[in-house]
Amino acid sequence: MKYDHAQALNKATELFWQKGYQGTKMRDLQEHLDMRPGSIYAGFGSKEALFLQVLDCYVEQSLIKIDEYNRLATHPLEALKDFVSGFIFVEGKLENCKVCLLVKTVSESETSQPKLHAHALLGLQKIEQKFTDLFNQAQQLKLLSQTANTEQLGKWLQMQIMGLVIYSKNCTQQQDITLMIEHIFSTLRQPS
């Protein structure tokens with residue numbers, strides 16, 4: 001039976017996101033992907049290689065989403081704000097928010113899986129760089145102070161997202177999170 005590589009990656013992503021790398025066993029992958037062990041090894045090489053592909057796909061999809069928000073927005077800060085809102089309110093609902101797969105991997109793999117840990121950190125750096133690029137664009141459009149450190153802002157935004165995701169797990173009021181997102185971006189705008 002032939003398998004769809006992209007569909008298998010999506011199913012593997014769901015499973016790894018739910019159980020983590022360590023918690024996902026080959027038998028889980030076989031059942032969730034509806035593939036025999038030999039097919040998994042032939043298609044992906046190993047559980048670790050499959051997970052690395054899942055991380056790469058996650059990063060690529062995140063960068064595409066940011067680019068799409070930027071294409072639809074009137075300016076880069078609006079694009080970033082829309083991306084953050086879309087990340088927190090998945091399908092418009094706070095309860096659908098999940099911890100970033102890269103952050104989850106970093107927190108679960110530091111000592112046990114250094115290769116996965118390093119790969120996830122690299123993915124986070126790529127997303128952070130995309131944030132920095134948009135802050136640079138905003139600065140060129142004079143939406144940010146010319147003295148603003150856009151590299152630090154990229155790091156800061158990533159930290160804000162991580163904090164919002166964790167806070168959202170304990171928050172029942174969508175309005176509270178919406179106001180926090182508004183505040184994050186209102187503090188960035190250069191006064192007119």
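## Helix packing and aromatic pairs

Helix H1 passes helix H2 in a right-handed crossing. The model is predicted.

**The H1–H2 contact.** Two packed helices are described by the angle between their axes and the distance between the axes. Here the axes of H1 (residues 5-23) and H2 (residues 26-33) come within 10 Å. They cross at roughly 150 degrees. Angles over 145 degrees count as roughly antiparallel, and H1 and H2 are therefore roughly antiparallel to each other.

The table sets out the residues that meet.

| Helix | Residues in the contact |
|---|---|
| H1 | Ala8, Lys11, Ala12, Glu14, Leu15, Phe16, Lys19, Gly23 |
| H2 | Asp28, Leu29, His32, Leu33 |

What kinds of residue make up the contact of H1 with H2? Six are nonpolar, two are polar and four are charged.

**Aromatic pairs.** The whole structure holds seven aromatic pairs. One of them joins Trp17 and Tyr58. A pair of aromatic rings is described by the distance of the centres and the angle of the planes. For Trp17 and Tyr58 the centres are 5.3 Å apart. Their planes stand at 85 degrees, and the pair is edge-to-face.

Where do the two partners sit? Trp17 belongs to helix H1 and Tyr58 to helix H4 (residues 47-72), so the pair ties together parts that are 41 residues apart in sequence. Are Trp17 and Tyr58 buried or exposed? Both are buried.

Ring pairs also build a cluster. Its members are Tyr69, Phe83, Phe87 and Phe131.

Terms used:
Residues numbered from 1 in each chain as written. Predicted model: local features only at pLDDT ≥ 70, side-chain atom pairs only at ≥ 80, totals over all residues. Heavy atoms only, no water. Axes fitted to C-alpha atoms, helices over the stretch in contact; angles between N-to-C directions. Helix = DSSP H or I, 4+ residues; strand = E, 2+ residues; numbered from the N terminus. Parallel < 35°, antiparallel > 145°, perpendicular 65-115°, else oblique. Left-handed = near helix turned anticlockwise from the far one by under 90°. Contact = heavy atoms within 4.5 Å. Nonpolar A, V, L, I, M, F, W, Y, C, P; charged D, E, K, R; others polar. Phe/Tyr/Trp six-rings, centres within 6.5 Å; stacked < 30°, edge-to-face > 60°. Buried < 20%, exposed > 50% of the residue type's maximum accessible area, 1.4 Å probe, protein only.
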